[in-house]
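Here's a quick briefing to read alongside the model. Have the sequence and the 3D view open as you go.

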Amino acid sequence: MSERNIYLDYIRAVACIIVIMFHYTKRYNDIFHTSNDWKFRVSWGYMAVSIFFVLSGFLAVLKDDTGIKEYIRKRFLRLYPAYWIAVIVTFLVTYFYLPERAVSVKDAVINLTMLESFCGVGLVDGAYWTLAYEIVFYIFIALIIYLFHLKDKLPYLGLAWIALLFIYVYLENSTMFLSSMGDFSKNLIDSLIGKQYGHMFVAGFCAAFIIHHIGDRKSTVTAGICLALSVVLQYVLFGVLYTVFFIAVMMILMLCAYLYLKGIQPNGSIRKVLYPLELIAVISYPLYLLHQNIGYTILKFLQLHISQSEFIIVIPFIINVLLAGLIHILLNKLLGFMT
């Protein structure tokens, strides 16, 4: 059985493409108030960010890092070098060619820390909002698994996390305490506890516990309860449509994990057809970081000078794929690791 679960690569690549198409076909028009009559609109694509969060949770408990130092080193090398390049490139592009989306030099420097969402400053690229939730989760995993060695207790901690989120949502809706906070304080607390998205990480690592039989029977049952409560919280926060999407994501993820564990891999012909998805999965992180504002800049130029057709979205997509691939190759050569 191959060490790498190719099915998860396909899921990651599809999620990345959906998010990009959402930004190019829906958000671009909302932000710049374009009056085109595009028939192709992925208006539901915002839901695909849940796939990233679920995958982060699922893969976190399957890592084989030897200790907290190695875990931190790997996460740092995985996250920051590509991010720094993306911040610099995106800032320069927006500063010179899309000033209405540009941030100040001071804000751009703060963005280099990846803590911009906690500092209340402008984002160099709107897509960076997800990074705050990822950082909080990585810190959570570093503490629980690699510092305190409580990996077998994760389902119970996940249950406590979801209970906290239920309480927080209730207090937010029924008392004046949270509503009386300033925007900065409120947004900071939301990010730290993962108000809208924390349950997705929990659902991910609980799915891994169930499928990979991590822990004892009690842990498995608790993980199942967490999954059920995650679905309920998803409905409370986002309503029916997003909940159906979330359930579908969890079912597909668990099916893919099951197929992998059973040694059922796509045959050579299927892999050849899906090979572009494998490539996109490999560069999905830098591609996600680059695609939004740089893509908007290209779309705006194309609409002004070339065409109003929706087919022009292919051009910024290809350009960003090439840029992301270049970053991936560069970092592999300089740092000797796979981003």
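Lys74 comes out as partly exposed at 28% relative accessibility, where partly exposed is the range between buried (under 20% relative accessible area) and exposed (over 50%), using a 1.4 Å probe and protein chains only. Lys74 forms a salt bridge with Glu70, with the closest N and O atoms 3.0 Å apart; a salt bridge here is a side-chain nitrogen of Lys or Arg within 4 Å of a carboxyl oxygen of Asp or Glu. The two sit four residues apart in helix H3, so about one helical turn separates Glu70 from Lys74. Helices (H or I, at least four residues) and strands (E, at least two) are DSSP runs numbered from the N terminus.

Keep in mind that this is a predicted model: local features need pLDDT of at least 70, side-chain atom pairs count only at pLDDT 80 or more, and totals for chains, interfaces and linings use all residues. Residues are numbered from 1 along each chain as its sequence is written, and side-chain values use heavy atoms, with hydrogens and water left out.

**Other salt bridges**

- Searching the whole structure turns up seven salt bridges.
- One of them pairs Glu172 with Lys195, at 2.9 Å from N to O.
- Glu172 belongs to helix H7 (residues 154–174) and Lys195 to the loop between helix H8 (183–193) and H9, so this pair ties together parts 23 residues apart in sequence.
- Lys195 counts as buried, at 13% relative accessibility.
- Asp9 and Arg12 also meet through their side chains, with 3.2 Å from N to O.
- Those two are three residues apart in helix H1, so they are separated by about one helical turn.
- Both partners are covered: Asp9 is buried at 4% relative accessibility, and Arg12 is buried with a relative accessible area of 16%.
- Arg4 joins Asp9 and Arg12 in a network of salt bridges.

**The chain as a whole**

- The protein chain has 15 helices and zero strands.
- Its radius of gyration is 20 Å, close to the 20 Å that the globule rule gives for 339 residues, so the chain is as compact as a globular protein of that length. That radius is taken over C-alpha atoms, and the rule is 2.2 Å times the number of residues to the power 0.38.
- Along its principal axes, the C-alpha trace spans about 65 × 60 × 40 Å.
- Of the 339 residues, 50% count as buried.
- Among contacts (heavy atoms within 4.5 Å) with a separation of 6 or more, 76% come from residues 24 or more positions apart.
- The chain exposes about 16,500 Å², with carbon and sulfur atoms supplying 69% of that. Accessible areas come from the Shrake-Rupley method with a 1.4 Å probe; for residues, only the protein chains shown count as cover.

- H2 (residues 49–60) is mostly covered, with 11 of its 12 residues buried.
- Among the buried ones are Phe52, Phe53, Leu55 and Phe58.
- The cover over the buried residues of H2 includes helix H1 (6–32), helix H6 (129–147), helix H9 (198–211), helix H11 (240–261) and H14.
- The end C-alpha atoms of H2 are 17 Å apart, which agrees with the 16 Å that its 12 residues should span at 1.5 Å a residue. The expected span is 1.5 Å times one less than the number of residues.
- H6 has 19 residues and reaches 27 Å from first C-alpha to last, close to the 27 Å expected.
- H6 is mostly covered too, with 14 of its 19 residues buried.
- Just after H6, His149 takes a positive phi of about 55°.

**Residues worth a click**

- Gln303, in helix H14 (residues 284–305), is buried with a relative accessible area of 9%.
- Leaving out residues up to four places away in sequence, Gln303 touches Tyr28, Thr34, Asn36, Trp38, Gln308 and Ile312.
- Lys218 sits in helix H10 (residues 217–238) and counts as exposed at 61% relative accessibility.
- Lys218 and Ile189 are 29 residues apart in sequence, and 31 Å separates their C-alpha atoms in space.
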